[in-house]
Amino acid sequence: MTFLEVRRMGNSALFPFSFFLFAFCLVGCFNEPEPAYKSVPAENRVYLSDKGLKAVPAVNPKADYLNLDRNELTNVSAVASLAELKWLRLNDNKLAALPDLKALVNLRRIYLKGNRFTAVPETLKDLPALTDVDLSVNPIKEVPAWLAEKKGLKNLSFSRTMVTKLPENLDAWKSLQSLQLGDLSISPEEMARVRKALPNVAIVF
């Protein structure tokens with residue numbers, strides 16, 4: 001269908017079409033809503049994805065952005081001292097736990113998709129600047145109350161986990177921009193409760 005054909009169909013057709021584009025962008029863009037190259041100097045970006053790494057090598061201590069996606073990592077203790085980090089990408093590794101990350105006071109975004117976490121790492125509680133967390137495609141069964149009480153979060157993903165219910169109190173999440181809960185066994189009643197509690201958040205079930 002051409003753009004001209006869509007326009008001829010009128011506004012009634014444009015709404016679902018535009019909504020589809022919005023939802024696609026939301027799902028596709030969450031992973032890095034503000035690409036690092038726009039705000040992080042090139043010399044402070046470290047790309048170590050797809051290297052088959054089993055340990056984290058020495059990294060520039062002034063790194064703002066560290067990409068370790070798609071490796072064989074089971075331990076990332078070496079990143080705990082990188083106090084300048086703002087982005088940390090650990091997607092598609094073999095992680096079941098995180099080290100103490102409280103020194104990462106500047107960390108805004110952490111991507112943990114496709115690992116082996118059975119619980120939300122408690123060290124995330126200690127990250128004051130955190131805005132984005134991706135824990136999708138992990139065998140996580142529960143969203144802890146402390147995460148629902150954490151202020152400042154903007155984008156969260158629990159898609160393709162084992163979560164069936166969110167904490168009762170979601171007041172701290174009213175400032176969220178997006179909440180991804182795709183491919184979960186959430187009841188219609190729970191979906192309705194979450195939508196009511198977060199009326200201004202873009203939620204994807």
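Buried means under 20% relative accessible area, exposed means over 50%, and partly exposed is in between (1.4 Å probe, protein chains only). Keep that in mind for Val143, which counts as buried because its relative accessibility is 3%.

Before going on, a word on the numbers. This is a predicted model, with residues numbered from 1 along each chain as its sequence is written. Local features need pLDDT of at least 70, side-chain atom pairs count only at pLDDT 80 or more, totals for chains, interfaces and linings use all residues, and side-chain values use heavy atoms, with hydrogens and water left out.

**Confidence.** pLDDT is the predictor's confidence in each residue, from 0 to 100. The chain averages 88, and 84% of the residues score at least 70. Residues 1-29 stay under 50. Where pLDDT is low, the predicted coordinates should not be read in detail.

**The sheet.** Strands (E, at least two residues) and helices (H or I, at least four) are DSSP runs, numbered from the N terminus. Two strands pair if DSSP finds at least two bridges between them. Here, eight strands make an open sheet with parallel pairing, in the order β1-β2-β3-β4-β5-β6-β7-β8. β1 and β8 stand at the edges with a single partner strand each, so one side of each has no neighbour in the sheet. Inside the sheet, β3 and β4 pair over three bridges, and Trp87 has Arg109 in β4 as its bridge partner.

**The core.** A nonpolar core is a set of buried Ala, Val, Leu, Ile, Met, Phe, Trp, Tyr and Cys residues joined through side-chain atoms within 4.5 Å. The largest one has 50 residues, and Trp173 is one of those with the most contacts inside it. Helix α3 (residues 145-148) gives the most to this core, with three residues. Apart from it lies another core of five residues, including Tyr65 and Tyr111.

| Residue | Place | Relative accessible area |

As for Val143, leaving aside neighbours within four places in sequence, it is in contact (heavy atoms within 4.5 Å) with Phe158, Val163, Leu166, Pro167 and Trp173.
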